[in-house]
Amino acid sequence: MNRVYNFSAGPAVLPEEVLKEAADEMLDYAGTGMSVMEMSHRSDRFQRILDEAEQDLRDLMKIPEEYAVLFLQGGASQQFAAIPMNLMQNRVADYIVTGQWAKKASEEAKKYGTVNILASSADRTYSYIPDCSDLPVSEKADYVYICENNTIYGTKFSSLPNTKGKILVSDISSCFLSEPVDVTKYGLLFGGVQKNIGPAGTVIVIIRKDLIRDEVLEKTPTMLHYKIQAEAGSLYNTPPAYGIYICGKVFRWLKRMGGLENMKQYNEKKAAVLYRYLDESRLFSPTVQGKDRSLMNVPFVTGNKELDGKFIKEAEQAGLKSLKGHRSVGGMRASIYNAMPIEGVEALVAFMKNFEKENGD
Ligand code: PLP
């Protein structure tokens, strides 16, 4: 076996011990003689997997009783439609556009009502988070929407926007469980799990119970109706059962790691190794500055496309995988999610230093 350091933005690296446990249990889960993949989702055994996963997530994020946790399908993008369908009572919503994912979400919402863009950082390729302390929040807005960590551009909200009393909805796909959050500040949080938690396709929605309503937009598909999903305990239809099982294992791994406070410290330490080098390098430049920097996704460039290509190719050969940046930013991006060990970041920096020595002027 030859594991590589995988810097992919998602699907992404998962904890090795979780993958090993899952492999060990593949043919015979807990003495059942079958894989979780083969197990009825209506069985007591699967119900226990689901209940434990929810409880562990509640413990990790300190999710209060007033919030429901839903394990759904369709990835994060499906929620771009589900959110307006369930929450747009006045058919007005405000979006802060800090990257392509927020833009896509706002465009989807436009199909259902009026969307106001409160702020955007498109003017500088989404390389910063706009000032959100005094936004022109719409009087009739049903919610204010953000993408909290911008996977492509490597920015993160260091403080939440002032929504002037409106409900905050946040896409936390690429910072899920990377640090503690105060759930009570949000009406709804959601994230695809394929970056920090598990297999693609599963999406977790954490929603304040009073926002789970009978009245949703007309013709909302049954599968996207939060009330129906909540009343069925995420089992309206066959859920992404294997995905939920892996999520549960990652939640338990995070508990063994000491929870989200410890994870934050570890993630800060890892990111500091990379940012410190980027700030002093004469060859590589970070594309994001200061407090807007993400702990999870770190884009950087040399300013020379050919050299970027050479770097990515040689890094691949050295076992440092998936460092190519998104086409809208160019250059490189190192995604250093929870499961990326500090040794991986150190190996990357050592490789970059060597590359700089050989290719710098
Ligand atoms: N939101 C963010 C912040 C993402 O990074 C991504 C995907 O990479 C998505 C949404 C879309 O997720 P999905 O592919 O699960 O729909």
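Predicted model: local features only at pLDDT ≥ 70, side-chain atom pairs only at ≥ 80, totals over all residues.
Residues are numbered from 1 along each chain as its sequence is written. UniProt, in an unreviewed entry, places the feature "domain: Aminotransferase class V" at residues 4-348; its positions are given in the numbering used here, feature names are shortened, and annotations may be inferred rather than shown by experiment.

The domain assignment, whose bounds come from an automatic or database source, divides the protein chain into domain 1 (17-256) and domain 2 (259-359). The C-alpha centres of domain 1 and domain 2 lie 27 Å apart. Their contact, which counts residues with C-beta atoms, placed from the backbone, within 7 Å, takes 24 residues from domain 1 and 23 residues from domain 2. On the side of domain 1 that touches domain 2, strand 7 (155-156) and helix 6 (241-256) each supply at least two residues.

The ligand is surrounded by Gly10, Gly75, Ala76, Ser77, Trp101, Cys147, Thr151, Asp171, Ser173, Ser174 and Gly192, where a residue is near a molecule if its C-beta atom, placed from the backbone, lies within 6 Å of it. Helix 3 (residues 75-87) gives the most to this shell, with three residues.

Trp101, listed in the shell around the ligand, is also among the buried residues of helix 4 (residues 100-109), which are Trp101, Ala102, Ala105, Ser106 and Ala109; buried means that 20 or more other C-beta atoms lie within 10 Å of the residue's own, exposed that 12 or fewer do, and partly exposed in between, with C-beta atoms placed from the backbone. What covers them includes helix 3, strand 3 (92-97), strand 4 (114-120), strand 5 (144-147), strand 6 (149-150) and strand 8 (168-171).

Arg42, which UniProt lists for "binding site" in an unreviewed entry, has its place in the loop between helix 1 (16-24) and helix 2 (44-61). Arg42 is exposed, because 9 other C-beta atoms lie within 10 Å.

Terms used: Helix = DSSP H or I, 4+ residues; strand = E, 2+ residues; numbered from the N terminus. Contact = placed C-beta atoms within 7 Å.
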